[in-house]
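I am opening my notebook on a new chain.

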Amino acid sequence: MNITAGKFKGRKVSAPYEQLTRPTLSKVRMSVFNTLQSMIEFDGAGFLDMFAGSGIMALEALSRGFSYAAAIEKHPKVIRVIKSNYKNFSPAPLLIHGDSLKAAEVLDRKFDVIYIDPPYYAGVYEAALEAVKSIACGIVILEHVTEVDFSGFDILKQKEYGGKVITYLKAE
């Protein structure tokens with residue numbers, strides 16, 4: 001995989017073994033950040049990638065001008081791949097090893113954009129949204145394939161990509 005735009009454009013990022021993660025496709029990453037660019041100013045903004053997988057979303061955020069980024073991942077083998085990826089970038093995102101739901105609830109920093117892309121059928125969409133309410137000061141993006149209860153959030157925009165939906169939300 002390659003970073004799609006910004007100061008790190010074209011730089012390679014390794015993906016963990018494909019049965020452990022499902023990396024966000026480059027066309028989806030490009031669309032997400034192009035949409036965000038029309039919604040917020042990246043300079044001075046923070047980006048959080050929950051269920052980080054390869055960690056590429058946080059790298060894309062820094063590449064495109066976000067001031068800080070963090071990624072949360074719990075799988076030890078995946079963490080090793082992300083660490084290997086991040087050591088090749090400066091600045092690099094903060095990597096948090098732990099359960100995304102628990103870690104998000106105790107973070108002491110607010111984020112302007114929170115990207116939530118859990119395992120599709122893990123049944124944690126609503127729990128993830130609840131976990132970020134106290135740290136979201138802007139847009140929450142949820143990548144999902146099933147119906148989700150968005151109680152407590154306003155839907156700003158939705159876009160479908162071959163069976164998966166990217167939903168842009170704002171806490172009420």
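**Entry 1: the core.** I looked up the largest nonpolar core first. It has 31 residues, and V32, F33, L36, F47 and I141 touch the most other members. For my own use: a nonpolar core is a set of buried Ala, Val, Leu, Ile, Met, Phe, Trp, Tyr and Cys residues joined through side-chain atoms within 4.5 Å. Buried means under 20% relative accessible area, exposed over 50%, and partly exposed in between, with a 1.4 Å probe and protein chains only.

Next I listed the elements that give this core two or more residues: α1 (26–37), α2 (56–63), β2 (68–73), α3 (76–86), β4 (111–116), β5 (136–144) and β7 (164–171). Which element gives the largest share of this core? I found that α2 does, with six residues. Helices (H or I, at least four residues) and strands (E, at least two) are DSSP runs, numbered from the N terminus.

I then picked L36. Leaving out residues up to four places away in sequence, L36 touches F42, F47, V113, I139 and I141. Contact here means heavy atoms within 4.5 Å.

**Entry 2: what I am working with.** This is a predicted model, where local features need pLDDT of at least 70 and side-chain atom pairs count only at pLDDT 80 or more, while totals for chains, interfaces and linings use all residues. Residues are numbered from 1 along each chain as its sequence is written, and side-chain values use heavy atoms, with hydrogens and water left out.

**Entry 3: the whole chain.** I counted five helices and seven strands. From the N terminus, the order is α-β-α-β-α-β-α-β-α-β-β-β. The radius of gyration is 14 Å, close to the 16 Å that the globule rule gives for 172 residues, so the chain is as compact as a globular protein of that length. That radius is taken over C-alpha atoms, and the rule is 2.2 Å times the number of residues to the power 0.38. The C-alpha trace spans about 40 × 35 × 30 Å along its principal axes.

Buried residues make up 51% of the 172. I also checked contacts between residues at least 6 apart in sequence: 61% of them join residues at least 24 apart.

**Entry 4: helix α2.** How many residues of α2 are buried? Eight of the eight are, so α2 is largely enclosed by the rest of the structure. Its cover includes α1, β1 (46–50), β2, α3 and β4.

E60 is buried, with a relative accessible area of 0%. Leaving aside neighbours within four places in sequence, E60 is in contact with N2, I3, T4, A5, R29 and F33. After α2 comes G65, and its phi is positive, near 115°.

**Entry 5: Y161.** I finished with Y161, in strand β6 (residues 153–161). Is Y161 buried or exposed? Y161 is buried, with a relative accessible area of 11%. Not counting residues up to four places away in sequence, Y161 touches V28, S31 and I166. I also took one distance: Y161 and I72 are 89 residues apart in sequence and 24 Å apart in space, C-alpha to C-alpha.
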